[in-house]
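Reader: I am new to this structure. Please take me through how its features are read.
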Amino acid sequence: METKQTPKLPHSPAYNFLLQAGPRLYLLHQVHAHIIVSGYGRSRSLLTKLLNLACAAGSISYTRQIFLTVPNPDSFLFTSLIKSTSKSHNFSIYSLYFYSRMVLSNVLPSNYTFTSVIKSCADLLALKHGRVIHGNVLVHGFGLDVYVQAALVALYGKCGDLINARKVFDKIRDRSIVAWNSMISGYEQNGFAVEAIGLFDRMKEMGVEPDSATFVSVLSACAHLGAFSLGCWVHEYIVGNGLYLNVVLGTSLINMYKRCGNVSKAREVFDSMKERNVVAWTAMISGYGTNGHGSQAVELFYEMRRNGLFPNSITFVAVLSACAHAGLVNEGRRLFASIREEYRLVPGVEHHVCLVDMLGRAGLLEEAYNFIKEEIPENPAPAILTAMLGACKMHKNFDLGAQVAGHLLAAEPENPAHYVILSNIYALAGRMDQVEIVRNNMIRKRLRKQVGYSTIEVDQKTYLFSMGDKSHSETNEIYNYLDELMWKCREAGYVPVSDSVMHELEEEEREFALRYHSEKLAIAFGLLKTSHGTHIRIVKNLRMCEDCHSAIKFISVISNREIIVRDKLRFHHFKAGSCSCLDYW
């Protein structure tokens with residue numbers, strides 16, 4: 001294995017001048033001139049140091065200019081350049097440039113060369129180039145170098161090629177924490193939260209000590225799955241082992257708690273952070289908003305401003321969404337106007353969606369539709385039209401809904417969700433002939449409604465349920481218990497909201513379809529498997545239907561439990577027969 005080369009620097013004042021100049025471009029020009037005048041203009045050692053400082057100063061043009069004057073650059077010079085350019089995402093492409101020059105010059109790379117250029121490929125998501133360099137790694141005999149292997153795992157993980165990432169990972173003989181973190185992060189960033197947590201469990205079993213980077217990925221996976229118990233364990237580990245709660249790790253904890261529905265714990269973490277940037281403030285504002293605390297979200301927004309931090313576009317999405325879900329229309333209007341007037345930002349699609357959603361939920365359909373026509377007269381984004389369509393369905397304005405749906409289907413003719421909501425609007429209006437036309441169009445286009453599923457964590461293990469799911473080993477027990485629950489709900493006054501299912505079904509069939517929705521199955525399982533007083537936490541990939549929302553309010557009374565459901569849009573905290581959204585969702 002080739003190791004890092006250490007050049008012999010000439011005994012010259014020029015080297016000391018370089019150290020004093022540091023990464024300051026105007027001084028480097030002066031020292032460069034001195035080097036040439038003093039006769040060291042062809043010294044690779046001095047030029048290598050000069051090149052690294054020029055790169056650190058942020059001048060890639062000057063770096064390339066110096067490079068072209070170096071006679072016969074050696075491996076150490078090339079590797080230094082590749083490493084320097086790989087440190088800045090803005091210069092990553094030049095890392096590949098210098099590597100290609102190195103190959104063309106027939107200069108042998110080292111393991112340091114490969115780790116740096118592979119990092120640049122990962123930063124650029126340049127999978128094709130990365131695969132070529134992986135081939136070069138094998139040709140030059142560095143296929144078993146643990147640092148190169150860790151870099152390759154990170155490359156494939158960031159680029160979404162998890163099969164090759166895992167292949168490389170499994171070949172590493174002595175896995176460093178960097179390799180573990182790269183593989184766990186690769187799973188988490190590509191939506192494989194269960195696999196990320198599974199690998200983390202394996203890492204613990206092998207006695208590898210996690211670090212802050214490990215926990216950032218694991219907490220993100222917990223947030224995705226609603227794995228509250230594991231997230232709490234991570235928090236306890238961080239506190240118990242004295243890990244520094246930097247802004248990244250602290251924000252990850254806030255996101256985990258808010259996405260598991262425990263906004264008070266999220267606020268405890270937020271208040272304990274010594275350093276808080278706009279990302280941390282935004283995470284906490286979003287946590288209040290999605291959990292039904294709109295007023296607190298707005299209050300925290302203004303507190304952030306009093307602390308001297310300026311909101312970014314994501315902050316405005318968080319606070320406007322909070323206003324939309326809490327019915328704070330006047331406050332939302334003021335905040336939306338301030339984006340342009342006070343903060344000199346340009347409202348984006350997400351901000352327009354929030355405003356239309358806010359006005360639509362409040363029943364101000366005409367104002368919302370006029371806003372779309374006046375502010376976005378040409379080709380409004382599908383997300384904006386979707387918000388408008390949802391408001392039309394909520395307030396049963398079927399004529400306007402059909403009109404908006406026409407624009408939406410023209411914009412996204414292959415999205416099955418649009419056909420489903422249009423079908424529901426026609427059905428609610430009693431226009432069954434149009435329902436049949438919409439359904440036939442879906443069949444003709446071979447479009448299928450997205451399959452809904454719900455997850456629940458019990459004893460730090462995540463279980464998944466889909467509608468009518470009978471794959472669980474305790475299916476009979478779950479179904480029997482759910483039937484008993486729904487019978488008790490009926491006795492307490494629950495009436496199925498049959499509009500929540502396909503309208504061509506007979507009434508009895510509709511009730512059967514409603515009863516076994518995924519969130520009801522998950523709740524029944526949770527009630528069976530947890531002790532009295534334990535909160536039930538459910539994560540659903542789609543928006544919860546009206547029937548489930550109604551039924552869970554009754555279940556919370558019958559079971560005397562607090563049930564927390566996170567659907568596609570927000571949280572619902574069910575307790576003693578009411579929901580935190582106040583039926584405004």
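Author: What follows takes a helix, some salt bridges, the nonpolar cores and one further residue in turn.

Author: This is a predicted model, in which local features need pLDDT of at least 70 and side-chain atom pairs count only at pLDDT 80 or more, while totals for chains, interfaces and linings use all residues. Residues are numbered from 1 along each chain as its sequence is written, and side-chain values use heavy atoms, with hydrogens and water left out.

Reader: What span should the 14 residues of helix α7 have?

Author: Helices are DSSP runs of H or I with at least four residues, numbered from the N terminus. The expected span is 1.5 Å times one less than the number of residues. Helix α7 covers residues 111-124 and should span 20 Å; its end C-alpha atoms are 20 Å apart, which agrees. At the start of α7, the backbone nitrogen of Y112 has a side-chain oxygen of S110 within 3.2 Å. After α7 comes L125, with a positive phi near 55°.

Reader: How many residues of α7 are buried?

Author: Buried means under 20% relative accessible area, exposed means over 50%, and partly exposed is in between (1.4 Å probe, protein chains only). In α7, 10 of the 14 residues are buried, so the helix is largely enclosed by the rest of the structure. Among them are F114, I118 and D123. The cover over the buried residues of α7 includes α5 (75-86), α6 (92-104), α8 (127-139) and α9 (146-158).

Reader: Which residue forms a salt bridge with D123?

Author: A salt bridge is a side-chain nitrogen of Lys or Arg within 4 Å of a carboxyl oxygen of Asp or Glu. The whole structure has 16 salt bridges. D123 pairs with K158, and their closest N and O atoms are 3.3 Å apart. D123 lies in helix α7 and K158 in helix α9, so this pair ties together parts 35 residues apart in sequence. D123 is buried, at 19% relative accessible area, while K158 is partly exposed, at 41%.

Reader: Where do R166 and D170 lie?

Author: Both lie in helix α10 (residues 162-171), 4 residues apart, about one turn of the helix.

Author: Another salt bridge joins K204 and D201, with the closest N and O atoms 3.7 Å apart. These two residues are 3 residues apart in helix α12 (residues 193-205), about one helical turn. Salt bridges that share partners also join K119, D123 and K158 into one network.

Reader: Which residues have the most contacts inside the largest nonpolar core?

Author: In soluble globular proteins, nonpolar side chains tend to be buried together. A nonpolar core is a set of buried Ala, Val, Leu, Ile, Met, Phe, Trp, Tyr and Cys residues joined through side-chain atoms within 4.5 Å. The largest core here has 138 residues, and F114, I118 and M388 have the most contacts inside it. Contact means heavy atoms within 4.5 Å. Not counting residues up to four places away in sequence, F114 touches residues including Y99, I133 and F142. A second, separate core of 30 residues includes V458, F465, I555 and C581.

Reader: Is M304 buried or exposed?

Author: M304 is buried, at 0% relative accessibility, and lies in helix α18 (residues 294-306). Leaving out residues up to four places away in sequence, M304 touches V278, W281, L309, F310, P311 and T315.

Notes
A polar contact is a pair of N or O atoms within 3.5 Å; within protein, one must be able to donate a hydrogen and the other to accept it, and residues adjacent in sequence count only if both atoms are side-chain atoms.
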